[in-house]
Amino acid sequence: MAIMRDIAELHEPEALARLVSYRIRLVQIAAYKTFEARVSGHGPAPRYYGMLKLIEANPGVPQARLAEAIFLDRSSLVPILQELEREGWLERRAAPQDRRVRRVFLTPEGTGRLVALERAVEEHEARLTAGLSAEDLDTLHRLLLRLDDNLRDVQAGRV
C-alpha cells in the first residue's frame, strides 16, 4: 500500500460524502475553529455563547433543564458552569422551593460582556453564511431545526 504524501490525493468516500451527520460535524469543527481564532478577550465564553444566550433568555433556568436543552449530561455541565461562574459570567443559586435544584443566572457583568461577544458572533455568522440568500438561510434553518427535533425524539426514546 502506498503512503499518501499530498493532501490533494485524499479521496472522500461516497459513504462519508452522503452522511449528513459527518458533514455537520466537519462544518461544526471548522466554524468553531474559525470563530475561536477571531475572538479573544472573553475567556471560555465564546465556546458557550449559545448556552449563555439561553441563560439570558431564561433567567433562573434549572441546571438540569439547561443541560437537556444543549444535549449535555448534567455532570458535564457542572464544570462548565463552575468555570463561567469563576470568570464572572454567571451565578448559580439554590431554588427556594427545593435547595437541591440550582438555578442559573447571568451576572450584571456577564450581561454586559455578552453584548461585546454578540458583535463577534454576528461578524462570524456573516462570514459563515456569505453567499447564501435569505431563502437559502430560511431553508437551512428549517432543515437544521428538523434535525434537532429528530435528535431530541431519539434521545427521549420516541423514535
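Tutor: Start at Arg 92, whose side chain makes a polar contact of 3.0 Å with the side chain of Glu 85. A polar contact is a pair of N or O atoms within 3.5 Å; within protein, one must be able to donate a hydrogen and the other to accept it, and residues adjacent in sequence count only if both atoms are side-chain atoms. The model is predicted, so local features need pLDDT of at least 70 and side-chain atom pairs pLDDT 80 or more, while totals for chains, interfaces and linings use all residues. Residues are numbered from 1 along each chain as its sequence is written, and side-chain values use heavy atoms, without hydrogens and water.

Student: Where is Arg 92, and is Arg 92 buried or exposed?

Tutor: Helices (H or I, at least four residues) and strands (E, at least two) are DSSP runs numbered from the N terminus. Arg 92 is in strand β2, residues 90-95. Buried means under 20% relative accessible area, exposed over 50%, partly exposed in between (1.4 Å probe, protein chains only). Arg 92 is counted as buried because its relative accessibility is 15%.

Student: What is Arg 92 in contact with, beyond four places in sequence?

Tutor: Contact means heavy atoms within 4.5 Å. Arg 92 has such contacts with Gln 63, Val 78, Leu 81, Gln 82, Glu 85, Arg 102, Arg 103 and Val 104.

Student: How many bridges join β2 to β3?

Tutor: Two strands pair if DSSP finds at least two bridges between them. β2 and β3 run antiparallel with 6 bridges, and a hairpin of 2 residues connects them. In this pair Leu 90 faces Leu 106 of β3. Strand β1 (residues 61-62) is also antiparallel to β3 (residues 98-106), over 2 bridges, with Val 61 opposite Val 104.

Student: How are α2 and α6 packed?

Tutor: Axes are lines fitted to C-alpha atoms, for helices over the stretch in contact, and angles run from 0 to 180 degrees between N-to-C directions. The axes of α2 and helix α6 (residues 108-128) lie 10 Å apart, at about 135 degrees. α2 is therefore oblique to α6; angles under 35 degrees are roughly parallel, over 145 roughly antiparallel, 65 to 115 roughly perpendicular and the rest oblique. Residues of α2 that meet α6 include Phe 35 and Arg 38.

Student: Where does His 42 lie?

Tutor: His 42 is in the loop between α2 (20-38) and α3 (49-57). His 42 is buried, at 12% relative accessible area.
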